[in-house]
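Please open the model in your viewer and keep the selection tool at hand. The stops below are meant to be taken in order.

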Amino acid sequence: MTTILKAYFEAFNAGDTSAMLDCLTEDVAHHVNEGQIRVGKVKFAEFCAHMSHCYKEELTDIVLFEAEGGSRGAAEFIVNGTYLATDAGLPEAHGQTYRLPAGSFFDIRDGKIARVTTYYNLADWIRQVSK
């Protein structure tokens, strides 16, 4: 299980959405922080395209956790980012940088990620980019 999570995070840091999609089931459920649940690879790819337009992020200090049996996992990490383009309903972007602790939770099915749930402190992010 940690192999698929390592591949997922390596692809994220490389900005390789295609490789991220290869880690997912066709019906992946993507639970976005403060957002709606998106189901399927197409919705996940659309989310990634939006994120790549608005943000440049690298994850560091990644620690992976695995539940007994390998059907669930979690990761804790630091998001190091630059706010590139204004995202709807959020402060105006002008290249602000941010550093934010975050975590993701996963369901694993047949060696692929079937659920991704990510959490971070939105108020902290807003504070950092509002300077």
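The tour goes from the core to the cysteines and then to the salt bridges.

This is a predicted model, in which local features need pLDDT of at least 70, side-chain atom pairs count only at pLDDT 80 or more, and totals for chains, interfaces and linings use all residues. Residues are numbered from 1 along each chain as its sequence is written, and side-chain values use heavy atoms, with hydrogens and water left out.

**Core.** Select Tyr8, Leu24, Phe106 and Ile113, which touch the most other members of the 29-residue largest nonpolar core. Such a core is a set of buried Ala, Val, Leu, Ile, Met, Phe, Trp, Tyr and Cys residues joined through side-chain atoms within 4.5 Å. Buried means under 20% relative accessible area, exposed over 50%, and partly exposed in between (1.4 Å probe, protein chains only). Now keep Ile113: beyond its neighbours within four places in sequence, its contacts (heavy atoms within 4.5 Å) include Tyr8, Cys23, Leu24 and Phe106.

**Cysteines.** Select Cys23, buried at 4% relative accessibility. Its sulfur is 11 Å from the closest cysteine sulfur, in Cys48, too far for a bond. Cys48 is also buried, at 8%. The structure holds 0 disulfides (pairs of cysteine sulfur atoms within 2.5 Å).

**Salt bridges.** Select Arg109 and Asp27, whose side chains form a salt bridge (2.5 Å, N to O). The term means a side-chain nitrogen of Lys or Arg within 4 Å of a carboxyl oxygen of Asp or Glu. Finish at Asp107 and Arg115, another salt bridge, at 3.0 Å, N to O. Here Asp107 is partly exposed at 26%, whereas Arg115 is buried at 19%.
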